[in-house]
Amino acid sequence: MKIIDSHVHIYPEKIAERASQSIADFYNMPVKYDGTVQKLIEICERNQITNCVICSVATIPERVNVINEFIAESANASKRSKDSTVTFTGLCALHPEMTEAEIDAELMRAKSAGLKGIKLHPDFQEFRIDDKNAYKIYERAEGKFPILFHTGDKRYNYSNPNRLAKILRDFPKLTAIGAHFGGWSEWGDADCLTGFENLYVDTSSSLYELKPEAAKKLIRMFGENRVLFGSDYPMWNAEDEIKLIENLKLSERVKELIFHKNAERVYKL
């Protein structure tokens, strides 16, 4: 079956190991891999993953441009490569402390470079997802760029599900992907996100913790046509994540939606 990994982080080789370790430190969890492009390609080829939605997070506004250049070049290089069957779909990094003019310019560059959406991580970037300062990003993305949001962390109060629900109400034409089933470590509170036609969720960094019945309940709650497969590389082993989906004993039709069809619809692949 065709598989698209809709949630992948990559880093330039010279900083990849350090960047991956910073994720491990933030979550107090080990990471499986080093975050390099080459290792990602190896994993994809072993597991019949044909496309990855790649991103990186800008913790300060000054890093946005260099991150987006790296993501765009990685995505374009994958399409030119004759040595691999794996292609990348890139997401644009932004930061709410950017000015409106800076955001406009970066989104223009992102569009011309072929990037397909935006990645925001309120917990890394230390802003509340419903902070009015971030609204200038949502206003520009609405109807144009899907936004992949990290959502949920019971240790903080940046990206809790109820905050994302406010964004979904205020921006009904914004396509939002709530990572980690809409609320990492706060899955019990994610029911406030149901009923929004502009919301999708992904499976990343969740199935290691959720029991199969709890995962299936979340899929039913959000709707099978609104769930995307994601590994959260370099955190997890994609092979294990695929097996965890398989172990849910979903129908072939539902697995096709989760493994690739929903992502194709969101990112127009």
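So, helices α3 (residues 64–80) and α4 (residues 100–113): their axes come within 10 Å and cross at roughly 10 degrees. Axes here are lines fitted to C-alpha atoms over the stretch in contact, with angles from 0 to 180 degrees between N-to-C directions. Helices are DSSP runs of H or I, at least four residues, and strands are E runs of at least two, numbered from the N terminus. That makes α3 and α4 roughly parallel, the label for angles under 35 degrees.

Quick caveat: this is a predicted model, where local features need pLDDT of at least 70, side-chain atom pairs count only at pLDDT 80 or more, and totals for chains, interfaces and linings use all residues. Numbering runs from 1 along each chain as its sequence is written, and side-chain values use heavy atoms, with hydrogens and water left out.

Okay, aromatics. Rings of Phe, Tyr and Trp (its six-membered ring) pair if their centres lie within 6.5 Å; under 30 degrees between planes is stacked, over 60 edge-to-face, the rest tilted. That gives 13 aromatic pairs. In one of them, the F26 and Y27 ring centres sit 4.9 Å apart with planes at 80 degrees, so it's edge-to-face.

Y33 and Y233 are stacked instead, at 5.8 Å centre to centre and 25 degrees between planes. Y33 is in the loop between α1 and α2, Y233 in the one between β8 and α9, so this pair ties together parts 200 residues apart in sequence. Both tyrosines, Y33 and Y233, are buried, meaning under 20% relative accessible area, with exposed over 50% and partly exposed in between (1.4 Å probe, protein chains only).

Definitions and conventions. Angles under 35 degrees count as roughly parallel, over 145 as roughly antiparallel, 65 to 115 as roughly perpendicular and the rest as oblique.
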